[in-house]
Amino acid sequence: MTRDVAIEFASSYFDKGDFQSELAALIAFETESQNPDQIAELQRYLDEAMMPRLASAGYTCEIFPNPDPCGGPLLIGERHEGDDLPTVLTYGHGDVIRSQTDQWREGLHPFKLVEEGDRLYGRGTADNKGQHLINIAAIEAVIAARGKLGFNSRFVIEMSEEVGSSGLAEFFEANKDRLSADVLIASDGPRLQPETPTMFMGSRGGITFDLSVNLREGAHHSGNWGGLLSDPAMILVHALATITDARGQINIPEWRPNSLTPDVKAALKGLPIESEGGPAIDPNWGEESLTSVERAYGWNSFAILAMTSGVPEAPVNAISAKANATCQLRYVVGTPPEDILPSLRRHLDANGFEAVEITPHDRGFFRATRLSPDHPWVQFVHTSLTKTAGKPPHVLPNLAGSLPNDSFSDILGLPTVWVPHSYRACSQHAPNEHALKSGSRNALQVMAGLFWDIGAGETPKA
């Protein structure tokens, strides 16, 4: 058996319809980790879908409770083939965001797989059920072709990623030996372009927090009290307006990173940023001196996720008592995470907004991580993907979004290489989420080739 045979097995798995039918079965699990009523479904996904599948591929599996009582269970699977072989850790998450069922267009349902042309619709098709199914199936293709992997494989599947991977760091601290490996190779997030493989070696960090102004008990008639009572919404929007300028350029010095170095700029130069089916990029938004790709992958961005004052769905003639904005900073390596909120506090106070309160979200934090594109494991994966795809992959120092990559890089001490299988216009975290059939088939091929190459030897040494 040869590498080409393993890739052909992976292709046949897709062409016979097995990928689509098995993905449909996974999508049917209503694993909304943001919905407390679905906690039993998180357990059922591991019990009924993941454990039997991995066990049939020769993995010894165990399911663990989350050390955080608010988090879902976690699964570790291990296939050990030799003490002298490299060990690859692979990750996926089986939880999804809230279904938003009433917002999906007619003919679609979040927990039913629907095929339309090149698209497979359903919650989790892109994030992340389809992605870890691809990796499991690629491993199975290599075993079928070679009779073994040729390396040791460990899988971890969590059920709390969409609530900030609650408990994951504590779980990793307690299970370092069971999760030890030479490298993390996992899949989440999008390709830059659907037809070209992408690699990234870390992610931007993310911190979510509320800014609020709470002035009094209850609202008061705007005619009787207008001009006499401070308006908390007015105060809040003026405070928010000091954080960036009119085009979204960040004004807080500590939030402006020093890590967009010449080597990072060189790695990002020429990478595509526009995405077919996605919204048009606003050329007049963001850091003016940077290219669009540098803004997305090499810089920080501030966003207001939601704002409330009064009763938006039923306004009344009253001056509100309070106002709230849920905000987020996506940040790159080079931004001290421990100083993000303190520096915001200093900034607000210096601008006269002592009344604005800052409240961090309990599970709204990921640390920024980045691995050099010159790392030997990065080069190994790059060579493999190029061989299978017939063209070099796009290489990012870090993803624009956030992942729990710091648990792998900082706690387990692993080099981390992510090979995403989605694409940027997949409606991830939105109604009508979908995966591309063409992209999924190609992903099965490149992952089968990659896992074959790892088992063929000549992997980077620790």
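First, the ground rules. The model is predicted, so local features need pLDDT of at least 70, side-chain atom pairs count only at pLDDT 80 or more, and totals for chains, interfaces and linings use all residues. Residues are numbered from 1 along each chain as its sequence is written, and side-chain values use heavy atoms, with hydrogens and water left out.

Let's start inside. A nonpolar core here is a set of buried Ala, Val, Leu, Ile, Met, Phe, Trp, Tyr and Cys residues joined through side-chain atoms within 4.5 Å. Buried means under 20% relative accessible area, exposed means over 50%, and partly exposed is in between, with a 1.4 Å probe and protein chains only. The largest nonpolar core has 60 residues. Which of them touch the most other members? F19, M50, I185, M447 and I454. Helix α4, residues 129–146, gives this core its largest share, 10 residues. Helices (H or I, at least four residues) and strands (E, at least two) are DSSP runs, numbered from the N terminus. A separate core has 33 residues, including L168, F171, V293 and L414.

Contact means heavy atoms within 4.5 Å. Setting aside neighbours within four places in sequence, M50 contacts L26, Y45, L75, H132, I136 and I157.

Now the helix pairs. Two packed helices are described by the angle between their axes and the distance between the axes. Axes are lines fitted to C-alpha atoms, for helices over the stretch in contact, and angles run from 0 to 180 degrees between N-to-C directions.

Pair one is α4 and α13. Their axes come within 8 Å and cross at roughly 50°. The two helices are therefore oblique to each other. On the scale used, under 35 degrees is roughly parallel, over 145 roughly antiparallel, 65 to 115 roughly perpendicular, and the rest oblique. On the α4 side, the contact includes I134, A138 and V142. On the α13 side, M447, F451 and W452 are among the residues. By class, this contact has 12 nonpolar, three polar and one charged residues. Ala, Val, Leu, Ile, Met, Phe, Trp, Tyr, Cys and Pro count as nonpolar, Asp, Glu, Lys and Arg as charged, and the others, Gly among them, as polar.

Pair two is α11, residues 376–389, with α13, residues 437–455. The angle is about 130°, with the axes 9 Å apart. α11 and α13 are therefore oblique too. Their crossing is right-handed. W377, F380 and L385 are among the α11 residues here, and V446, L450 and I454 are among those of α13. This contact divides into eight nonpolar, four polar and one charged.

Next, a strand residue. F209 sits in strand β10, residues 205–214. Is F209 buried or exposed? Buried, with a relative accessible area of 0%. F209 and C327 are 118 residues apart in sequence, yet 5.4 Å apart in space, C-alpha to C-alpha.

Last, the backbone. D127 and N128 are joined by a cis peptide bond, with omega about 5°. N128 is in the loop between β5 (119–121) and α4.

Two non-glycine residues have positive phi. Q100 is near 55°. Q100 lies between β3 (87–93) and β4 (114–116), in a loop, and is partly exposed at 25%. N432 is near 65°, in the loop between β18 (422–423) and β19 (434–436).

Definitions and conventions:
A crossing is left-handed if the near helix is turned anticlockwise from the far one by less than a right angle, and right-handed if clockwise.
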